[in-house]
Amino acid sequence: MNPDHHTHRWPFELPGSKRRYAAPLLLALLAACNGQIGGPGQSTPAGSGSESGGDTPGSAQTPEDVLASPFCQTPQPGATPLRRLSNYEYSNTLKDLFSGVSGVASTIDTVVATFPSEPESLGFRNNASFLTVGSLVAQKYLDAAEQISAVAAQAPGLVSCDPAALGELECASDFIRTFGARAYRRPLTEAEVQSYEERFTAGSDGHTFKDGIEWVVFSMLQSPNVLYRVELGQASTGDVTEPTPYEMASRLSYLIWQSQPDAELTRAAAADELGTPAQVEAQVRRMLADPRADRLLEYFDQWLDIDLLSGMTRDPAVYPDLVPRLPDLLQEETRTFVKSLFSSPSGSFDELFTAEYSFVNGALAQHYGVDGVSGDGFVRVDMPGRSGVLTQGMMLTHDKATRTSIVRRGLKVRTDLLCAIVPAPPNDVKLDLEGLGEGLSQRERLELHRSEPSCAGCHAMMDPLGVVFESFDAVGRARTTDEEGRPVATSSDISHTRDADGPVANAAELGQRLAQSEQARACYVLQNFRFSHGRDETDADRCSMAALSVAFKESGYSLSELVVALTQTDAFRYRPVITPERP
């Protein structure tokens, strides 16, 4: 197979050592929290497609049939794993927690930049099964708590009361209750308050009030109640329960804002106003209108691999005179485009793949050869021949320094836009294509490569999809000849899909095909589910997935309405009851 094939990022752990004064309890608690509640939820998802693109179990039933089945007449939530905050969620959470406290945000950026990258699973870096805490991660959390607490304790705005007027312990107790409730995302118990009061006393004894506060913040930031999204659910005698109001507030805030609840969500939780679908929907629509909803673009960054653009390198001999900061500009192009769709209920799945326009600023307009745009602001421009996100930075993250990659581009479409499985190459397959067919184009070499039976199966799933993008070079510009000066040909014949097979002339026609494909629509729903729940779909989620499919269709395949629909499913509104394991 081709070396372009299978460039996934896999889980890893790095060695580390504990700081000499690290509390053994912290490491024990974090290690204990590596497990999950309700099962791993990592089975192959129904409806995700197979390597042949054929039907999957249950696909003969329509979503409406599934919802009408007896199974779906009672709540059917899937697994609810214990979720550690991703690096992105951690950064957002702490910045919101210390909002208005001078100097803390920059400290958070500095310490999070040293965190190990999370493992990727199913295309995302927030899968609960892989966000474990080894010794290195625990040490990084300890380092972060130390540095952040030191800055925060000395900054104005952290403590609202006056210790001289109220009394140091009384003021500290007030801080513990108010700040602790925000940090824990629920009110603290009296035992927790007492424990932190004791830490304040130990830290301030012989020192200052601020030293005691630093000890409190340092301890809180290492608590599993801060680092994890802890859920126990409401008391129940059945197999299914609901999250507590405060847990529901966190589900909403981490879905839409990738961060902790705000004051309004916390108030609604305290008033028990998050229990009905209508109450939840009202909060979702309020939250989507908030500027913090831009953090949902993290889903698109990871799904479309836009987060990988920062590592894009190109050979200046092949691509001379590129505009400065091109990867940043390409990322902003897609983010602005997606944001424009997401900001309106009419922004649809269809337009995501078919739009013959994009957003550029002066520098990116120069790069693309678009006239009439100047300045740093991104504006909408017509770009005939383009096809939404398909012809933006997404495809460039899979190219090489000196040329496009038909294989990697096709693999991206097959796996992440159609949710199909492409098998790994056999161990004995020759990986070097460069010696195949002297003077042939990349497309012609791949056609020759597919004549080998051991390569044909996989490459028939990737190459025909990747070929259609050959009219765009490895820096995203339209072209008629490849890097060697040979004419490019983009016509292709798509196969191995459930409903998108057939000839296509170019990327625009592929975009039209995907926009109307039920397989692609179902894949988009599945990808949203995976990101929002931090796990894969299981058979227990079939009612939730059917409800999402129906809601997506009824909304006209609206991107933002699908987020609203996510919060109305059994998987979001309920959770399995925790059954303690017997020793």
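The cysteines are joined by a disulfide with an S to S distance of 2.0 Å. Cys72 is in the loop between α2 (63–68) and β1 (83–84), while Cys543 belongs to helix α24 (residues 542–554), so the pair ties together parts that are 471 residues apart in sequence. Colour by accessibility, and both Cys72 and Cys543 come out as buried. Keep in mind throughout that this is a predicted model.

**Next selection: Cys161 and Cys171**

These two cysteines, Cys161 and Cys171, form a disulfide, S to S 1.9 Å. The link of Cys161 and Cys171 is right-handed, with 95 degrees about the S-S bond. Cys161 sits in the loop between α5 and α6 (163–166) and Cys171 in helix α7 (residues 168–184), so the parts tied together are 10 residues apart in sequence. Cys161 and Cys171 are each buried.

**Next selection: Cys419 and Cys523**

Here a disulfide joins Cys419 to Cys523, with S to S 2.1 Å. The torsion about the S-S bond of Cys419 and Cys523 is about 75 degrees, so this disulfide is right-handed. Because Cys419 lies in the loop between α19 (406–417) and α20 (442–449) and Cys523 in helix α23 (residues 518–533), the pair ties together parts that are 104 residues apart in sequence. Cys419 and Cys523 are both buried.

Now show the disulfides together. The structure holds three of them. Counting bonded cysteines along the chain, the pattern is 1-6, 2-3, 4-5.

**Next selection: Cys458**

Is Cys458 buried or exposed? Its relative accessibility is 9%, which is under the 20% limit, so Cys458 counts as buried.

Select residues 135–154 for α5 and residues 209–220 for α9. The axes of α5 and α9 come within 8 Å and cross at roughly 145 degrees. The crossing of α5 and α9 is right-handed.

Which residues of α5 meet α9? Show side chains for Leu142, Ala145, Glu146, Ser149, Ala150, Ala153 and Gln154 in α5. Their partners in α9 are Lys210, Glu214, Val217 and Phe218. Coloured by residue class, the contact of α5 with α9 divides into six nonpolar, two polar and three charged residues.

Conventions:
Residues are numbered from 1 along each chain as its sequence is written. This is a predicted model: local features need pLDDT of at least 70, side-chain atom pairs count only at pLDDT 80 or more; totals for chains, interfaces and linings use all residues. Side-chain values use heavy atoms; hydrogens and water are left out. Axes are lines fitted to C-alpha atoms, for helices over the stretch in contact, and angles run from 0 to 180 degrees between N-to-C directions. Helices (H or I, at least four residues) and strands (E, at least two) are DSSP runs, numbered from the N terminus. A crossing is left-handed if the near helix is turned anticlockwise from the far one by less than a right angle, and right-handed if clockwise. Contact means heavy atoms within 4.5 Å. Ala, Val, Leu, Ile, Met, Phe, Trp, Tyr, Cys and Pro count as nonpolar, Asp, Glu, Lys and Arg as charged, and the others, Gly among them, as polar. A disulfide is a pair of cysteine sulfur atoms within 2.5 Å. Buried means under 20% relative accessible area, exposed over 50%, partly exposed in between (1.4 Å probe, protein chains only).
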